[in-house]
Amino acid sequence: MKITPIRAGAPAESDKLVCRVLLASLDALYATAYRLTSAADVAEDLVQEAAKKALKARPLLKDERSARAWLFRILINAVRDHFRRHRVWEDLEPAAEELDTPVDLESVTRATAQDVRAALGQLKPSSRVIVILVDVEEFTLAEASEMLKLPIGTVASRLSRARAELRKLLSAYESKSTQRRGGL
């Protein structure tokens with residue numbers, strides 16, 4: 001049996017771009033999937049699924065920043081589908097969303113990494129994904145909005161609520177002087 005290559009000639013620029021960004025993002029994709037699912041085997045499967053879809057659609061990409069966001073969008077969609085199959089993902093009505101006060105990052109940085117991970121794990125997956133995309137992976141609200149296919153105001157509101165919930169979960173790290181001044 002003779003095997004013939006799928007493509008002949010030099011790889012297109014979009015092929016190189018996707019491969020470069022995919023390889024550079026694998027650890028972050030896995031970490032994100034693991035943070036969202038808390039299961040190494042599920043995270044590996046979801047990253048593999050995202051990589052497979054990205055490689056199939058590679059001619060569509062033009063620049064590196066959009067390629068990274070696009071990879072994460074594929075992953076988030078795979079995670080969302082996984083949770084929906086298991087009836088865990090919860091979507092809130094955008095009309096019920098209200099903005100909260102911003103998080104005091106100083107109090108969060110005093111928390112140990114293990115406690116922050118545990119608190120993050122207690123968030124609903126639909127809240128956890130926004131915190132991970134914006135605060136961990138450093139995507140903009142607009143990029144997270146596009147990835148999650150939600151209005152930017154909804155993403156901002158959910159991020160605010162998720163941060164407030166994290167503050168509550170990590171309240172043991174709040175200093176006595178901060179408590180006397182009126183909290184975070």
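This briefing describes a predicted protein model, topic by topic. The protein has nine helices and zero strands, where helices (H or I, at least four residues) and strands (E, at least two) are DSSP runs numbered from the N terminus. Of its 184 residues, 43% are buried; buried means under 20% relative accessible area, exposed means over 50%, and partly exposed is in between, with a 1.4 Å probe and protein chains only.

Residues are numbered from 1 along each chain as its sequence is written. Because the model is predicted, local features need pLDDT of at least 70 and side-chain atom pairs count only at pLDDT 80 or more, while totals for chains, interfaces and linings use all residues, and side-chain values use heavy atoms, with hydrogens and water left out.

**Confidence**

- The mean pLDDT (the predictor's confidence in each residue, from 0 to 100) is 76, and 67% of the residues reach 70 or more.
- Confidence is highest in helix H8 (residues 152-169), with a mean of 92, and lowest in helix H9 (residues 176-180), with a mean of 49.
- Over residues 1-10 the pLDDT is below 50, and this stretch has three contacts in the model beyond near neighbours in sequence; a contact means heavy atoms within 4.5 Å.
- Residues 90-101 also have pLDDT under 50, and the model gives them 25 contacts beyond four places in sequence.

**Overall fold**

- Along the sequence the pattern is α-α-α-α-α-α-α-α-α.
- Among contacts with a separation of 6 or more, 72% join residues 24 or more positions apart.

**Nonpolar core**

- A nonpolar core is a set of buried Ala, Val, Leu, Ile, Met, Phe, Trp, Tyr and Cys residues joined through side-chain atoms within 4.5 Å.
- The largest such core has 46 residues, and Leu75 and Leu133 touch the most other members.
- At least two residues each come from H1, helix H2 (40-56), helix H3 (64-85), helix H5 (113-122), helix H6 (125-136), helix H7 (141-148) and H8.
- H3 supplies the largest share of this core, eleven residues.
- Leaving aside neighbours within four places in sequence, leucine 133 is in contact with Phe72, Ile76, Glu138, Phe139, Ala144, Met147 and Leu148.

- Helix H1 covers residues 13-37 and contains leucine 26.
- Leucine 26 counts as partly exposed because its relative accessibility is 31%.
- The C-alpha atom of leucine 26 is 8.6 Å from that of alanine 51, a residue 25 places away along the chain.
- Alanine 51 is one of the buried residues of H2, along with Val42, Ala43, Leu46, Val47, Ala50 and Ala54.
- An α-helix has 3.6 residues a turn, so residues three or four places apart point the same way.
- The 17 residues of H2 should span 24 Å at 1.5 Å a residue, and the end C-alpha atoms are 24 Å apart, which agrees; the expected span of a helix is 1.5 Å times one less than its number of residues.

**Helix H8**

- Beyond its neighbours within four places in sequence, glutamate 165 is in contact with Gln122 and Leu123.

**Second largest pocket**

- On a 1 Å grid over the protein atoms alone, a pocket is an open set of points where a 1.4 Å probe fits, with protein on both sides within 12 Å along at least five of seven lines, and lining residues have an atom within 4 Å of a point.
- The second largest pocket has a volume of about 190 Å³, a volume being the space filled by probe spheres set on grid points joined across faces, edges and corners.
- Its lining consists of Tyr30, Ala31, Tyr34, Arg35, Ser38, Arg117, Leu120 and Gly121.
- H1 and H5 each give two or more residues to this lining, and H1 gives the most, with four.

**Loop residues with positive phi**

- Serine 38 lies in the loop between H1 and H2 and has a positive phi of about 60° although it is not a glycine.
- Lysine 149, in the loop between H7 and H8, is likewise not a glycine and has a positive phi near 55°.
- Lysine 149 counts as exposed because its relative accessibility is 60%.
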